[in-house]
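User: I would like to learn how to read helices and pockets in a model. Please take me through an example.

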Amino acid sequence: MSNAQRIFSPIYTHLDNDNPSRALKECELVLKKNSKKGNALDKGGEVWQTTTVLKAIAFQRLNRVEEALQAAQTVCEAQPNDETLLQEFGLIFNLTYCFF
């Protein structure tokens, strides 16, 4: 299992099992753990970007649209270029009926 799979697997599992509140807690845990390890969670980093997008999806599924859009916007400002991340953005904006 790769490092990315190990980090994000619990979040995806909770989202897949329709448990966005638990996924949101896992996102916060990932962000907290990585910042404590001394990893620079800069906005250009894959861990920060992916976790924040997954957090936005969890917010959206909890009908917390404003928070979902704010989280997505912070990642947009970092100008991500990862194809999977961009697809997840499309999902957020499509489901919230918001287009920039």
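User: Which residues of α4 are buried?

Analyst: First, this is a predicted model, in which local features need pLDDT of at least 70, side-chain atom pairs count only at pLDDT 80 or more, and totals for chains, interfaces and linings use all residues. Residues are numbered from 1 along each chain as its sequence is written, and side-chain values use heavy atoms, without hydrogens and water. Buried means under 20% relative accessible area, exposed over 50%, partly exposed in between (1.4 Å probe, protein chains only). In α4, A68, L69, A71, A72 and V75 are buried. Their directions from the helix axis to the C-beta atoms fall within an arc of 160°, so these residues line one face of α4. E66 and Q70 are exposed, on the face turned away from the buried side.

User: Where does α1 bend?

Analyst: A bend at a residue is the angle between axes fitted to the seven residues ending there and the seven starting there. α1 bends by about 40° at S9, and the proline P10 follows within four residues. Buried residues of α1 include F8 and I11. After α1 comes D18, with a positive phi near 60°.

User: Which helix gives the most to the lining of the largest pocket?

Analyst: A helix here is a DSSP run (H or I, at least four residues), numbered from the N terminus. α1 gives the most, with 4 residues. α1, α3 and α5 each supply at least two residues of that lining. Among the 15 lining residues, F8, E46, T50, D82 and T84 are the closest to the pocket's centre.

How values were computed
1 Å grid on protein atoms, 1.4 Å probe; cavity = no way out; pocket = protein on both sides within 12 Å on 5 of 7 lines; lining within 4 Å.
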